[in-house]
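Please walk me through this model in the viewer, one selection at a time. Tell me what to pick next and what I will find there.

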Amino acid sequence: MSLHFAGLHHITAIVDEPQDNVNFYAGVLGLRLIKRTVNFDDPNTYHLYFGDEVGSPGSIVTFFPWPGAPHGTRGAGQVSAFALAIPEASVAYWEQRLTDSGITFGGPEQRFNEQVLSFYDPAGLLVELVTHPDATNMHGWTGSEVPAAYAIRGLHVVTLTVQQADASVRVLTEAMGFRYLATEGDRARYVTAEGGVGAIVDVIARPDLPFGRVAVGSVHHIAWRTPNDDEQARWRRHLIQHGMMVTEVRDRQYFHSIYYREPGGVLYEIATDNPGFAFDEPVETLGTTLKLPPWLEPRRESLERTLLPLDVPNQS
Ligand code: ZN
């Protein structure tokens with residue numbers, strides 16, 4: 001199949017307090033807050049984006065903070081964990097940093113020849129830091145407290161927990177261009193393109209597990225990379241031919257998106273690399289002020305009154 005994804009574009013999760021979210025991802029984990037905007041479907045709430053210096057596709061984790069909203073439940077039909085790539089020589093540094101930050105973590109444990117540290121973020125999301133030999137050749141954000149050599153390089157692996165793996169795997173391998181790599185314990189690994197950092201899905205089958213409820217502390221969706229609108233249109237036709245219900249293209253300002261739900265229950269998105277996060281502000285000042293799409297600019301004054309101010313670590 002000529003269509004394939006280069007890897008992950010971003011993942012989006014639901015959290016509670018925006019300040020806790022910023023303290024954790026920009027403060028403890030040392031990612032750059034690259035965009036401070038609102039949820040286009042619910043503009044009274046933030047949509048916060050974190051990533052590397054420019055918000056490269058594949059480096060991006062985004063959050064809908066819903067303060068005071070109910071927590072979800074963990075279960076089947078969900079992205080049960082997401083992993084961020086770190087260099088192999090950084091494990092001891094991260095163990096110390098997590099300890100100093102008062103974060104309880106598991107590991108390091110060995111999984112598919114990679115070292116894994118796992119912990120929960122303040123909203124209850126399961127986050128992993130996972131080593132990969134290629135991480136040293138990639139760039140992380142150098143503006144945080146984390147030394148450049150140890151910085152997080154971007155997304156690495158997403159873990160799907162589903163009741164029946166077969167249907168989910170069929171969509172990955174027959175419709176989405178993934179191939180099987182290996183199995184370890186209850187975890188089967190699938191990769192797109194050449195595999196490696198950001199190109200991996202692990203599937204865990206848990207027929208015993210009830211479906212989870214997506215709310216605070218849950219991943220909302222994961223997005224795969226496509227270079228441009230033309231290829232996205234090809235994906236859309238291709239997936240429809242494979243029986244997927246795919247949305248129309250939605251303008252997300254920094255990328256264009258289509259969405260479909262895979263049979264295990266997980267929501268996928270396909271997002272374009274363009275136009276990117278420097279679309280409405282210079283790289284130097286990414287994430288420092290509230291950016292709104294043109295159709296919400298008339299509401300700026302009232303939105304700025306509603307949204308709690310954010311104090312961003314390492315950002316003036
Ligand atoms: Zn998205």
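Select serine 257. Serine 257 is buried, at a relative accessible area of 0%. Here buried means under 20% relative accessible area, exposed means over 50%, and partly exposed lies in between, with a 1.4 Å probe and protein chains only. The residue sits in strand 15, residues 255–261. Helices (H or I, at least four residues) and strands (E, at least two) are DSSP runs, numbered from the N terminus. This is a predicted model: local features need pLDDT of at least 70, side-chain atom pairs count only at pLDDT 80 or more, and totals for chains, interfaces and linings use all residues. Residues are numbered from 1 along each chain as its sequence is written, and side-chain values use heavy atoms, with hydrogens and water left out.

Now show the surroundings of serine 257. Leaving aside neighbours within four places in sequence, its contacts include Gln232, Glu248, Arg250 and Ile270; contact means heavy atoms within 4.5 Å. The side chains of serine 257 and glutamate 269 are joined by a polar contact of 2.6 Å. Such a contact is a pair of N or O atoms within 3.5 Å; within protein, one must be able to donate a hydrogen and the other to accept it, and residues adjacent in sequence count only if both atoms are side-chain atoms.

**The zinc ion**

Which protein atoms are its donors? They are His10 (NE2), His221 (NE2) and Glu269 (OE), at 1.9 to 2.0 Å from the ion. Donors are N, O and S atoms within 2.8 Å of the metal (3.2 Å for Na, K and Ca); water is not among the atoms, so sites may look incomplete. The spacing of the donor residues in sequence is H-x210-H-x47-E. Distant parts of the chain are linked here: histidine 10 is in strand 1 (residues 8–15) and histidine 221 is in strand 13 (residues 218–226), 211 residues apart. Are these two histidines buried or exposed? Both histidine 10 and histidine 221 are buried.

Eight of them form an open sheet with mixed pairing, in the order 6-7-8-5-9-12-11-10. Two strands pair if DSSP finds at least two bridges between them. Strand 6 (106–111) and strand 10 (179–184) stand at the edges with a single partner strand each, so one side of each has no neighbour in the sheet. On average, neighbouring strands of this sheet are turned by 25° against each other, direction ignored. Axes are lines fitted to C-alpha atoms, for helices over the stretch in contact, and angles run from 0 to 180 degrees between N-to-C directions.

Pick strand 9. Nine of its nine residues are buried, so strand 9 is largely enclosed by the rest of the structure. Strand 5 (residues 78–86) pairs with strand 9 in the antiparallel sense over seven bridges. Strand 12 runs parallel to strand 9, joined by six bridges. Click threonine 159: it is the bridge partner of alanine 81, and aspartate 202 in strand 12 is also a bridge partner of threonine 159.

Move to strand 7 (residues 114–120) and strand 8 (residues 126–131). They run antiparallel, joined by five bridges. Leucine 117 has leucine 129 in strand 8 as its bridge partner.

**Helix 3**

Select helix 3, residues 165–175. Its buried residues are Ala165, Ser168, Val169, Val171, Leu172 and Ala175. They pack against strand 9 (154–162), strand 11 (187–191), strand 12 (200–205), helix 4 (229–241) and strand 16 (267–275). Helix 3 lies across strands 9, 11 and 12, and runs at about 160° to strand 12. Glycine 177 follows helix 3, with a positive phi near 80°.

**A hairpin**

Go to strand 2, residues 32–39. Eight of its eight residues are buried. A hairpin joins strand 2 to strand 3 through two residues. The two strands pair in the antiparallel sense over seven bridges. Look for threonine 37: it stands opposite histidine 47 in strand 3.

**The cores**

In the largest nonpolar core, of 76 residues, Tyr25, Phe82, Met176 and Ile222 touch the most other members. A nonpolar core is a set of buried Ala, Val, Leu, Ile, Met, Phe, Trp, Tyr and Cys residues joined through side-chain atoms within 4.5 Å. Beyond four places in sequence, the contacts of phenylalanine 82 include Ile11, Tyr25, Leu126 and Val219. Apart from this core lies another, of nine residues, among them Ile60, Phe255, Phe277 and Leu286.
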